[in-house]
Amino acid sequence: MRRLLELQQKLVPDLIQVLRERYMLLRSIYHLQPIGRRGLAQAMNTTERILRAEVDLLKETGLLHVTAAGMSLSDEGIRVLDDMEPLVGELFGLTDLAERLQQKLGIAEVIVVQGNADQSPWVKEELGRVGARVLKQVVQEGDIVAVTGGSSIASVAKHLSPSAAFRTVQFVPARGGLGERVELQANTLASAMAAKTGASYRLLHVPDRLHPEALQTLVKEPQVQDVLTLLRDTRIVLHGIGDAITMARRRNYSEEELQELDATGAVSEAFGYYFNEAGETVHRMPTIGLQLEEVHKAETVLSIAGGESKAKAILSFAKQSCQNVLITDEGAARSLLST
């Protein structure tokens, strides 16, 4: 496949560029449908005038439906998108990016999706689609899957579907509520994943950030103990990687606390732990849930994070040497490899 694309690049270089552009267009519409031309132009950082000819062509070839509600892919359009999947890695140079990133970070498997989540909202949907696919591949009957909150993990939940292996799986929140939108909290996502797959779930009804005395009281509650016991037997961990200061703000840290955290050199956050560029823990939030030593014991740790702005955070967490699958995007990958 690579050799064929190399020949096409030499003989008909315009063809490769057209393939890239039309793939991006189809993929954007797929994740955002139904969507109008103006909204699509904004999502793809282009103009309606540039899109018009391409959209008209795809409509004429039967790959798009256009209604008053907006554009969406036809069944044939979805089939074409699926058929192009094996080409994408070579078409955009993502296979090479993933291999180089795998070596740089020392992670067993790296998957890079096209685009930059900081610039295009559909890229996060693509991260979620790939994350759901990988989770389906690694899950086994009877597994306990610990999940964190956040928009990347919410996207995974949207793309899950039932399978026989999920019937005896339990989704468990890796920690309590974050004090953010309820649809992005770990409890909500654990229940959503169970609903989409036919699995079961447990909930952890505790705040994410606790006073030490409250933590000691709550951790003794039988229902909390039951969930913590399950978390200790977690085989798969599915989580996002956050920018340290951004996550602290979402947890309503005071300005003084933010300044103190910044002074420690914190650049990443995961599971309530804050890490500096060297991957050292510089701050640990008092919280009930999955602990870092339990993450290290899990058989599969699947990390999902995209966008150029997440590059430092991804590199920082990679130094924990506990993850074995990273799904990221082209924006983050290129930024990481340039450092």
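1. Let me begin with helix 6 and helix 16, which pass each other in a left-handed crossing. Please keep in mind throughout that this is a predicted model.

2. Helix 6 covers residues 94–105, and its axis comes within 10 Å of the axis of helix 16, with a crossing angle of roughly 50°. Angles from 65 to 115 degrees count as roughly perpendicular, and this pair is therefore described as oblique instead.

3. Which residues meet here? On the helix 6 side they are Leu 94, Leu 97, Arg 100, Leu 101 and Lys 104, and on the helix 16 side Glu 330, Ala 333, Arg 334, Leu 336 and Leu 337. Sorted by class, the contact of helix 6 with helix 16 holds six nonpolar and four charged residues, with no polar ones.

4. Helix 16 (residues 330–337) also packs with helix 15 (residues 311–318). Their axes lie 9 Å apart, at an angle of about 70°. Helix 15 and helix 16 are therefore roughly perpendicular to each other, and their crossing is right-handed.

5. What does each helix bring to this second contact? The contact of helix 15 with helix 16 has five nonpolar residues, one polar and no charged.

How values were computed: Residues are numbered from 1 along each chain as its sequence is written. This is a predicted model: local features need pLDDT of at least 70, side-chain atom pairs count only at pLDDT 80 or more; totals for chains, interfaces and linings use all residues. Side-chain values use heavy atoms; hydrogens and water are left out. Axes are lines fitted to C-alpha atoms, for helices over the stretch in contact, and angles run from 0 to 180 degrees between N-to-C directions. Helices (H or I, at least four residues) and strands (E, at least two) are DSSP runs, numbered from the N terminus. Angles under 35 degrees count as roughly parallel, over 145 as roughly antiparallel, 65 to 115 as roughly perpendicular and the rest as oblique. A crossing is left-handed if the near helix is turned anticlockwise from the far one by less than a right angle, and right-handed if clockwise. Ala, Val, Leu, Ile, Met, Phe, Trp, Tyr, Cys and Pro count as nonpolar, Asp, Glu, Lys and Arg as charged, and the others, Gly among them, as polar. Contact means heavy atoms within 4.5 Å.
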